[in-house]
Amino acid sequence: MRSYIRTLFVALIGLAALDAHAQFYAGAGIEYFRLVEDTQPIKVKEHGPLGVFTLGYTQPRRSGILFAYRGRFYVGEVDYDGAYLFSPSVSATGKSRYAGTTQEGQLRYRLADKADIVAALGIDIWQRELSSIQKEDYRVVFARLGAETNPQK
């Protein structure tokens, strides 16, 4: 997964250099993660902080078709309270490590600098490490269709 992150980061730096007036942003922070799995006989619960880095780019146009990008990278260690995978009736506690990225490309149609109609395609790739020998890799492809307004205009 690290090669995905490196490749995307290099691509974003190149994308940011395309236009000095582009709507580019970057941010960092901490988000609180909470997961509950309703499993039997013991419910699995995970919670804790994740460090998050975000990037975004939108082509600068007042109207018409434009491209936008949204990216999110996250990593952290959270508390685990649940059961063993192969012994679901035996309770277990510990730490789970998460690392992942969400990448989304958007095609937008801007209406007179006030609102955008948005169609997007993205991927969410993450890894959950429960122990040194137990890891889970996830890949979720998604599509999005909606509208977004800009109240500052």
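I began with strand pairing, for which two strands count as paired if DSSP finds at least two bridges between them. Helices (H or I, at least four residues) and strands (E, at least two) are DSSP runs, numbered from the N terminus.

**Entry 1: provenance.** I am working on a predicted model, in which local features need pLDDT of at least 70 and side-chain atom pairs count only at pLDDT 80 or more, while totals for chains, interfaces and linings use all residues. Residues are numbered from 1 along each chain as its sequence is written, and side-chain values use heavy atoms, with hydrogens and water left out.

**Entry 2: the fold.** Strand S2 (residues 44–58) and strand S3 (residues 64–83) pair in the antiparallel sense over eleven bridges, and a hairpin of five residues joins S2 to S3. Within this pairing, glycine 51 stands opposite valine 75 in S3. I then followed S3 to S4, which run antiparallel and are joined by 20 bridges; there the bridge partner of glycine 71 is glutamine 103 in S4.

**Entry 3: whole-chain totals.** Of the 153 residues, 31% count as buried, where buried means under 20% relative accessible area, exposed over 50%, and partly exposed in between (1.4 Å probe, protein chains only). Taking contact as heavy atoms within 4.5 Å, I note that among contacts between residues at least 6 apart in sequence, 57% join residues at least 24 apart. The chain exposes about 9900 Å², of which carbon and sulfur atoms supply 59%; the areas come from the Shrake-Rupley method with a 1.4 Å probe, and for residues only the protein chains shown count as cover.

**Entry 4: salt bridges.** I searched the whole structure and noted twelve salt bridges, each being a side-chain nitrogen of Lys or Arg within 4 Å of a carboxyl oxygen of Asp or Glu. Glutamate 31 forms one with arginine 72, with the closest N and O atoms 2.5 Å apart. Because glutamate 31 lies in strand S1 (residues 23–37) and arginine 72 in strand S3, the pair ties together parts that are 41 residues apart in sequence. Glutamate 31 is partly exposed at 34% relative accessibility, and arginine 72 is partly exposed at 24%. Aspartate 116 and arginine 108 form another, with closest N and O atoms 2.6 Å apart, and both residues are buried.

**Entry 5: arginine 128.** I turned to arginine 128, which is found in strand S5 (residues 115–129) and counts as buried because its relative accessibility is 5%. Its side chain makes a polar contact with that of glutamate 46 at 2.9 Å; such a contact is a pair of N or O atoms within 3.5 Å, where within protein one must be able to donate a hydrogen and the other to accept it, and residues adjacent in sequence count only if both atoms are side-chain atoms. I also find Glu37, Glu46, Arg128 and Glu136 linked in a network of salt bridges.

**Entry 6: a nonpolar patch.** Ile65, Leu107, Tyr109, Leu111, Ile117 and Leu145 form a nonpolar patch on the surface, with about 620 Å² of accessible area together. Patches are made of residues with over 30% relative accessible area and no salt bridge, like charges being joined within 9 Å and nonpolar side chains (Val, Leu, Ile, Met, Phe, Trp, Tyr) within 5 Å. Strand S4 (residues 91–111) gives the most to the patch, with three residues. Leucine 107 is in S4 and counts as exposed at 52% relative accessibility.
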